[in-house]
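Subject: Structure handover

Hello,

My notes on what was found follow below it.

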Amino acid sequence: MKILPKINYLFSMIPFKPTSKWFQSLDSAIGKFYSKNKKAKISLTTLQKNKSEGGLEAPNFMYYYLSNQIQYLTKWIHPHEEYNSWLELEQLDCNQIKISDLPFISSALKHHSCFKNPMIASTLSAWWKALEITGSQLKPSILSPIWHNPDFANNKIYLQVKKTITSRIPSLHTTLQPTDLQPPEFVDYIVKLSPRNKKNLSKMYSLLSKTNSIHLPTQKWEKDVSKSFDSDFWTQICENTFKMTKNTNLQLIQFKVLHRTHITQYKLYKMGFSRSDTCTQCTQNMTDTYFHALWLCTPVYQFWVTITQKLSNILDCGIPHSPNVCLIGDLTQTVYPCDTLVTCPG
Ligand SMILES: [Zn+2]
């Protein structure tokens, strides 16, 4: 995609956040591209998720903007790794707060004079948004600065006098356990990134995109096959979609099946485009649900019987006649020739 590097360049160079409307217009254009200017059957929010979570990794421009902005944090946190004259200018605006301490102070910094610098303000705003997205609450930790920290201010006076410090530090130590002082996982990860690492942008983007949840209609599938699966199973199923074949058209077909996007007679009936929700392809007189259309319907069922038998013979393995295999893509039940040899007596 040639557009992405151009947009990333703008995101990294301009210290102002584009309006929400602008991001929405980009999302709308991307959404139309994926749905081929038709009504979207899978939301763009789902398409933007990782492939292992049921998405297609469609670009999320807001996350690219945030990743570009928080890239500068690594330069702040490690100012000695790379000389940068901008850092010196930004340090001047921070007065007595060390620039490397800025990411570990709460949004109370908005009232500090450093926030008047648009570069510092945009990076910090992006950082706080990223913390919100990843569910990482910025609490006092071993990384929090003691001196000149607005979080520890008393009557708008920062801790800078030894007398004040000695009266407060003991109370901090008694109220906070060592485990309480650990920074959130996301913060710890960013701290360890070197500003010289050229893959920081993609690392930050993938961290923001990761949701640790599956975005598939798993409950509907589990109800259809009368079996419940854990999240690891569904992660494997999502990954199988892109590992089983390199053909992107076939990958897309399996992706759509998992998301149950195909239109059935039942859906047409519910949408008001059909007078009946009964399947017209068989004589079972049953509602044409998604599972009926892809598995239970007599001619479709016969099709899957033929396919599994023929493929088992050709490939010399045991492919079970099961919707878990044929529709969901679960390969764990397939019996390969080597398995047969092991279980074969004598
Ligand atoms: Zn049928």
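Start with helix α1 (residues 3-13) and helix α4 (residues 61-77): their axes come within 8 Å and cross at roughly 45 degrees. Axes here are lines fitted to C-alpha atoms, for helices over the stretch in contact, and angles run from 0 to 180 degrees between N-to-C directions. Helices (H or I, at least four residues) and strands (E, at least two) are DSSP runs, numbered from the N terminus.

Two points on provenance. This is a predicted model, in which local features need pLDDT of at least 70, side-chain atom pairs count only at pLDDT 80 or more, and totals for chains, interfaces and linings use all residues. Numbering starts from 1 along each chain as its sequence is written.

**Helix pairs**

Back to the first pair. α1 and α4 are oblique to each other. The cut-offs: under 35 degrees is roughly parallel, over 145 roughly antiparallel, 65 to 115 roughly perpendicular, and the rest oblique. The crossing of α1 past α4 is right-handed. A crossing is right-handed if the near helix is turned clockwise from the far one by less than a right angle, and left-handed if anticlockwise.

From α1, Ile7, Asn8, Phe11 and Ser12 meet Phe61, Tyr64, Tyr65, Asn68 and Gln71 of α4. Contact means that the C-beta atoms of two residues, placed from the backbone, lie within 7 Å. By class, the contact of α1 with α4 has five nonpolar, four polar and no charged residues. Ala, Val, Leu, Ile, Met, Phe, Trp, Tyr, Cys and Pro count as nonpolar; Asp, Glu, Lys and Arg as charged; the others, Gly among them, as polar.

α4 also packs on α9. Their axes come within 9 Å and cross at roughly 125 degrees. That makes α4 oblique to α9. This crossing, too, is right-handed. On the α4 side are Tyr63, Tyr64, Leu66, Ser67, Asn68, Ile70, Gln71 and Thr74; they meet Asn200, Leu201, Met204, Tyr205, Leu208 and Ser209 in α9. The class count for α4 with α9 is eight nonpolar, six polar and no charged residues.

Further along are helix α11 (residues 231-243) and helix α12 (residues 248-258). They pack at an angle of about 155 degrees, with their axes 8 Å apart. So α11 is roughly antiparallel to α12. Ile237, Thr241 and Phe242 of α11 make the contact with Gln251, Gln254, Phe255 and Leu258 of α12. Those residues divide into four nonpolar, three polar and no charged.

**Cores and chain totals**

The largest nonpolar core has 29 residues; Tyr65, Leu66, Ile70, Leu73, Leu102, Trp127 and Ala130 touch the most other members. Elements giving two or more residues to this core are α4, α6 (118-133), α8 (185-192) and α9 (200-209). The largest share, ten residues, comes from α4. A core is a set of buried Ala, Val, Leu, Ile, Met, Phe, Trp, Tyr and Cys residues joined through C-beta atoms within 7 Å. Buried means 20 or more other C-beta atoms within 10 Å of the residue's own, exposed 12 or fewer, and partly exposed in between, with C-beta atoms placed from the backbone.

Leucine 66 touches Ala126, Lys129, Ala130 and Leu208, not counting residues up to four places away in sequence. A second, separate core of eleven residues includes Trp221, Leu258, Cys326 and Leu327.

The chain has 17 helices and zero strands. Of its 346 residues, 22% are buried. Among contacts with a separation of 6 or more, 56% join residues 24 or more positions apart.

**Single residues**

Most residues other than glycine have a negative phi. Two exceptions turned up. Serine 226 has a positive phi of about 55 degrees. Serine 226 sits in the loop between α10 (218-225) and α11, and is exposed, with 7 other C-beta atoms within 10 Å. Aspartate 316 also has a positive phi, near 55 degrees. Aspartate 316 lies in the loop between α15 (298-315) and α16 (323-328), and counts as exposed with 9 C-beta neighbours inside 10 Å.

Alanine 293 is in helix α14 (residues 290-296). With 19 other C-beta atoms within 10 Å, alanine 293 is partly exposed. Leaving aside neighbours within four places in sequence, alanine 293 is in contact with Thr264 and Asp288.

Best wishes
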